[in-house]
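This report walks through some local features of one protein chain. Keep the sequence and the structure side by side while reading.

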Amino acid sequence: MPESTAEAAAILHRDSLVWDAHSCLPLRYGTDVGVLSRHKRAATDFVSINIGMDMTPLGDIMTVLAYYRVWLGNDSERFALAGTPDSISRAKEAGKLAVAFDLEGAVPLGGQFGMLDFFYNYGVRQMHLIYNRTNEVGGGCHDDDPGLSAYGRSLVAKLNETGITVDCSHAGERTSLDIMAASTRPVVFSHANVRALTDHPRNLSDAQIDACAASGGVIGINGVDLFLGEPGAGSEAMVRHIDYIAQRVGVAHVGLGLDYSYESDSAEAVAGAPVDESYWWPPGNGYDFSAMHFAPPEVLPAVTAGLIERGYSEPDIRAVLGGNFLRVAKATWV
Ligand SMILES: [Zn+2]
């Protein structure tokens, strides 16, 4: 890459609003939340942090959410809890990392829609309905897929009403198509890649990509090598997946959702508690946390450089880096 391209990329990247739609801290009380400053040093302005999945007990989810919030609130020089699109722009201007939260699955709700108000009030702005395995809402991407249930349909309506972005990552294909048809607001896949490039059930079919775009939504490309299609994959593979979606449905429907795990070498660290690892992450689908590579936030400026090299315009690159997810936030965080 010519030095001038690298310089132009660094300047454009710093100047743009950079949005990571999903990354993970250890789901553990007492963990060092300050490691998130790495996101900011890599010129990321907003990150949505996972607070648990379908297998995580509700009490653990609430403990971790309260702990993260207190930690971030006590370091208001570097971090800002962000519940509105405006607060994200203000945080960037002040040189802070804006943080909101997401929940990966509806099981922790225990069937109570009132829990959505609770989570909204504590900063959750994005939610999956299913995590890999079929639940009462619908099918998981690693399970039978019966489609969206009647309960799931009501849940989508309640998420739309509450102001939490509906996220179809980890859902089965049929169920995700049902969710996107049911939602009255744009739907995202916060961290999911392209199945036509890497044939893995966690990746998206062309039908899912088309339906997401038709909803006005965005697909966040992740940095997990298992889903990018080559061991140790980084910015080059991410740019390939971004480019596929941009070519197919337009640049307005692709963004970034790194799925970086600040501690990723065991299922227990990822889940926050001992779990049946082979049930939630079937080994037959290639999961091995000790071997998987998660591209860190530091790769993102190279993604910007890769998009410049492919001839993307400055406005289009700004849209991919964060403008698209900001648009969806404005349309869903009511
Ligand atoms: Zn996930």
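## Alanine 82 and its surroundings

Alanine 82 is in contact with Phe46, Ser87, Ile88, Ala91, Ala98, Val99 and Ala100, leaving aside its neighbours within four places in sequence. The model shown here is a predicted one. Alanine 82 sits in the loop between β3 and α4. Is this residue buried or exposed? Alanine 82 counts as buried because it has 27 C-beta neighbours inside 10 Å, and the cut-off for a buried residue is 20 or more.

Methionine 55 is 27 residues from alanine 82 along the chain, and the C-alpha atoms of the two are separated by 26 Å.

Helix α4 covers residues 85-93, and its buried residues are Pro85, Ile88, Ala91 and Lys92. These residues cover an arc of only 120° around the axis, so they are on the same side of α4.

What do the buried residues of α4 pack against? Their partners are β2 (46-53), β3 (79-81), β4 (97-104) and α14. The face turned away from the buried side carries the exposed residues Asp86 and Glu93. Just after α4, glycine 95 takes a positive phi of about 75°.

## The largest nonpolar core

The largest nonpolar core has 99 residues. Inside this core, the residues with the most contacts are Val99, Ile179 and Ile219. Helix α14 (residues 314-332) gives the core its largest share, 8 residues.

Apart from neighbours within four places in sequence, isoleucine 179 is in contact with Leu129, Leu148, Val156, Val166, Cys168, Ala171 and Val187.

## Two pairs of helices

Helix α5 (residues 114-121) packs against helix α6 (residues 150-162) at an angle of about 35°, and their axes are 10 Å apart. The crossing of this pair is right-handed. On the α5 side the contact involves Leu116, Asp117 and Tyr120, and on the α6 side Lys158, Leu159 and Thr162. Sorted by class, the residues of the contact of α5 with α6 are 3 nonpolar, 1 polar and 2 charged.

The second pair is α8 and helix α10 (residues 235-249), whose axes come within 10 Å and cross at roughly 65°. The crossing of α8 and α10 is right-handed. Asp206, Ile209, Asp210 and Ala213 of α8 make this contact with Ile245, Arg248 and Val249 of α10. By class, the contact of α8 with α10 has 4 nonpolar, no polar and 3 charged residues.

Isoleucine 209 belongs to helix α8 (residues 206-214). Isoleucine 209 counts as buried because 23 C-beta neighbours lie inside 10 Å. Leaving aside residues within four places in sequence, its contacts are Leu204, Ile219, Ile245, Arg248 and Val249. Isoleucine 209 and valine 249 are 40 residues apart along the chain, and their C-alpha atoms are separated by 7.6 Å.

Leucine 228 is in helix α9 (residues 225-228). Why does leucine 228 count as buried? Leucine 228 is buried because 26 other C-beta atoms lie within 10 Å. Not counting residues up to four places away in sequence, leucine 228 touches Asn193, Thr198, Ala233, Ala237, Met238 and His241. The C-alpha atoms of leucine 228 and leucine 197 are separated by 7.9 Å, with the two residues 31 apart along the chain.

Most residues other than glycine have a negative phi. Which way does the phi of asparagine 132 go, positive or negative? The phi of asparagine 132 is positive, near 65°. Asparagine 132 is placed in the loop between β5 (124-128) and α6, and it is buried, with 27 other C-beta atoms within 10 Å.

Histidine 170 is not a glycine, yet it has a positive phi of about 75°. Histidine 170 is in the loop between β6 (165-167) and α7 (173-182). Histidine 170 is buried, with 25 other C-beta atoms within 10 Å.

Terms used: Residues numbered from 1 in each chain as written. Predicted model: local features only at pLDDT ≥ 70, side-chain atom pairs only at ≥ 80, totals over all residues. Axes fitted to C-alpha atoms, helices over the stretch in contact; angles between N-to-C directions. Helix = DSSP H or I, 4+ residues; strand = E, 2+ residues; numbered from the N terminus. Left-handed = near helix turned anticlockwise from the far one by under 90°. Contact = placed C-beta atoms within 7 Å. Nonpolar A, V, L, I, M, F, W, Y, C, P; charged D, E, K, R; others polar. Core = buried A, V, L, I, M, F, W, Y, C linked by C-beta atoms within 7 Å. Buried ≥ 20, exposed ≤ 12 C-beta atoms within 10 Å, placed from the backbone. Arc of directions from axis to C-beta.
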